Amino acid sequence: MCQTSSSSGGMKLLWVFGFMGLVVVKWVEGFQNASVTNMQYVQGGGFYNRPLLVGLTLINGAAAKGAVCLDGSLPGYHFHRGYGSGSNSWLIQLEGGGWCGTIRNCIYSKKTRHGSSIYMEKQIPFIGILSNKAEENPDFFNWNRVKIRYCDGASFSGDSQNEAAKLYFRGQRIWQAAMEDLMSKGMRYAKQALLSGCSAGGVWSPYRECKGAFQGVVPCFFPQHLIASVRTPLFLLNAAYDTWQIQASLAPPSADYHWNWIECRKNYARCSAPQIQYLQGFRNQMLRVTRGFSRSRQNGLFINSCFAHCQSERQDTWFARDSPHIGNKGIAESVGNWFFDRVGVQAIGCPYPCDKTCHNLVFK
């Protein structure tokens with residue numbers, strides 16, 4: 001474990017979720033079906049590069065510790081070693097992928113890459129915040145960069161099992177096994193670290209710190225409680241109109257009995273005036289929740305008024321010629337400014353439809 005200190009002190013969290021877009025946890029000197037792994041090449045924004053493909057590493061000693069995926073298979077991660085000035089800096093990205101909320105859904109999930117390493121891609125592209133190219137990821141391109149695969153169905157938080165269904169909810173043990181394995185590969189010498197996560201992975205990033213503040217762990221799955229209890233420097237990257245939230249929480253099919261929201265869920269341009277007003281209310285409520293959080297100078301946030309999800313994992317939204325901006329700052333620059341204490345970042349975009357830099361998601 002490293003013991004030295006720096007001006008920024010400790011670890012920092014980058015949080016990207018669906019109010020919980022990207023969470024970045026910054027840790028400097030003291031390092032003791034929503035989000036998907038995109039296999040497409042990056043195109044647009046002035047870039048057309050074949051991305052670095054990084055192989056899957058299974059954690060061979062994990063089973064002995066009970067750290068297994070939903071189906072009992074070994075957990076894994078993708079690791080690309082840093083070099084030069086980044087050789088002792090580490091970026092950990094926790095994959096998202098939604099929760100399996102019922103036994104039936106979890107049985108289904110254990111036959112997918114979100115429940116079994118058997119079905120995981122053997123290689124994935126490192127793009128966005130994981131890119132190894134300075135022109136695509138200026139602050140973290142030469143760091144040790146790790147993507148921990150998500151296969152426990154509960155945001156890396158569980159520690160139980162269902163014998164009858166042969167399901168293993170071992171997210172906490174997976175996290176611990178991954179950390180121990182990475183420590184043996186040099187992370188114990190880290191001088192600074194950034195813990196980030198998107199969607200289900202973003203929920204977990206600050207979760208462990210939060211749950212110590214409550215007798216029960218349930219409040220820690222609600223952002224307003226979570227961000228109020230976390231003491232580690234934290235950065236919130238979130239779209240004000242998070243597409244996962246709209247589809248799964250604000251207007252889910254299960255509650256849309258008359259299918260009034262079916263078109264709006266898929267394409268923001270087809271939302272009626274009352275529906276847009278409803279979404280503006282959601283944005284306003286989210287901004288109210290973050291007021292206390294934003295008063296702390298150690299925290300940062302970037303909330304743009306886009307219909308998006310997991311903007312740090314896509315090259316076109318993370319850092320490109322036409323990537324989303326608030327003022328004259330994009331996402332990658334804002335995260336870097338916050339992490340390295342170059343300038344405070346409290347960026348909130350104007351409400352829809354005024355932001356013309358968004359890369360809005362439209363679904364068929």
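Trainee: Before we start, what does "buried" mean here?

Mentor: Buried means under 20% relative accessible area. Keep in mind that this is a predicted model.

Trainee: Which way do its residues point?

Mentor: Leu234, Leu236 and Asn238 point one way from S11, while Phe235, Leu237 and Ala239 point the other way. In a regular strand, side chains alternate between the two faces of the sheet.

Trainee: And what does S11 pair with, and in which sense, parallel or antiparallel?

Mentor: S11 pairs with strand S12, residues 300–304, in the parallel sense over 5 bridges. Opposite Phe235 you'll find Gly300 of S12.

Trainee: Switching topic: which residues touch the most other members in the largest nonpolar core?

Mentor: Those are Trp90, Ile92, Val146, Ile148, Met179 and Leu182, in a core of 28 residues. At least two core residues come from each of strands S4 (76–80), S5 (89–94), S7 (144–148) and S10 (192–198), and from helix H2 (171–183). H2 gives the largest share, with 7 residues.

Trainee: What is Ile148 in contact with, leaving aside neighbours within four places in sequence?

Mentor: Its contacts include Ile92, Phe156, Trp175, Ala178 and Met179, and also Gly76 and Tyr77. There is a second, separate core too, with 22 residues, among them Leu250, Cys264, Leu279 and Ile303.

Trainee: Now Asn142. Where is that one found?

Mentor: Asn142 is in the loop between strand S6 (123–126) and S7.

Trainee: Zooming out, how many helices and strands does the protein chain have?

Mentor: The chain has 11 helices and 15 strands. Of its 364 residues, 57% count as buried. It exposes about 15,700 Å², with carbon and sulfur atoms supplying 52% of that.

Trainee: Last one: what is the mean pLDDT of the chain?

Mentor: The mean is 86, and 81% of the residues reach 70 or more. Over residues 16–21, though, the pLDDT is below 50, and that stretch has 44 contacts in the model beyond near neighbours in sequence. Residues 29–47 are also below 50, with 67 such contacts.

Conventions: Residues are numbered from 1 along each chain as its sequence is written. This is a predicted model: local features need pLDDT of at least 70, side-chain atom pairs count only at pLDDT 80 or more; totals for chains, interfaces and linings use all residues. Side-chain values use heavy atoms; hydrogens and water are left out. A nonpolar core is a set of buried Ala, Val, Leu, Ile, Met, Phe, Trp, Tyr and Cys residues joined through side-chain atoms within 4.5 Å. Buried means under 20% relative accessible area, exposed over 50%, partly exposed in between (1.4 Å probe, protein chains only). Helices (H or I, at least four residues) and strands (E, at least two) are DSSP runs, numbered from the N terminus. Contact means heavy atoms within 4.5 Å. pLDDT is the predictor's confidence in each residue, from 0 to 100. Two strands pair if DSSP finds at least two bridges between them. Accessible areas come from the Shrake-Rupley method with a 1.4 Å probe; for residues, only the protein chains shown count as cover.
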